[in-house]
Amino acid sequence: MFAFVFRRVMDFDQMLPVAVAMAEAGHQIRIGIMGNQFNIDEDARLSLFPTKPKIWHLRGPLSRFRCSLFMRGVSCLVMDWARRGQDVTDLLTSIARKKFVPSIALPHGIDFVSDINYFKERLDSKTFDHFDHIVAPNAIRRDVLVEAGMSNNRLHVLGSARFTKSWSERLSTIFPAREE
């Protein structure tokens with residue numbers, strides 16, 4: 001079972017195409033929400049799953065207990081590029097590590113910053129060391145992460161599934177263009 005954890009709506013937008021593709025490939029999917037800022041329980045995009053996954057709210061009272069239950073039976077944890085101290089990231093990745101469950105950090109957006117020095121000042125080899133694998137949106141960003149000291153064997157380039165033609169076409173079935 002793949003567990004996808006989202007912090008905010010932007011993460012949901014970016015990672016949902018991957019979660020849906022995994023479900024269509026026959027994998028069970030579980031969705032966790034880290035923040036209390038948004039509610040996806042009735043989001044129309046959930047209809048794109050073959051079977052609507054259960055939504056877990058991981059923060060709040062008893063978050064350690066909620067996260068432990070959420071991780072039961074999980075074979076892979078997928079989150080955005082959350083830093084260790086953000087929300088319950090540390091808790092989830094440490095549970096995964098103890099259970100020998102691989103953790104993957106998917107990019108939560110597209111970089112609009114073209115100055116590589118911007119990233120050099122903000123990244124080092126430990127920035128995402130709580131994840132087993134880090135997915136980069138492009139080779140440029142992967143190279144920046146390698147230059148910051150991250151191991152190339154942990155880095156993978158996927159692109160942005162959110163902006164593919166096939167995903168846009170699927171979204172248009174539930175969010176048709178407005179006619180003027």
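Two strands are taken to pair if DSSP finds at least two bridges between them, and strands (E, at least two residues) and helices (H or I, at least four) are DSSP runs numbered from the N terminus. The model is predicted, so that local features need pLDDT of at least 70 and side-chain atom pairs count only at pLDDT 80 or more, while totals for chains, interfaces and linings use all residues. Residues are numbered from 1 along each chain as its sequence is written, and side-chain values use heavy atoms, with hydrogens and water left out.

Strand 6 (residues 133–136) is joined to strand 7 (residues 155–157) by 3 bridges, and the two run parallel. Ala-136 has Val-157 in strand 7 as its bridge partner.

Helix 2 (residues 63–70) and helix 3 (residues 89–98) have axes that come within 10 Å and cross at roughly 40 degrees; axes are lines fitted to C-alpha atoms over the stretch in contact, with angles from 0 to 180 degrees between N-to-C directions. In helix 2, Ser-63, Arg-64, Cys-67, Ser-68 and Phe-70 meet Leu-91, Leu-92 and Ile-95 of helix 3, contact meaning heavy atoms within 4.5 Å.
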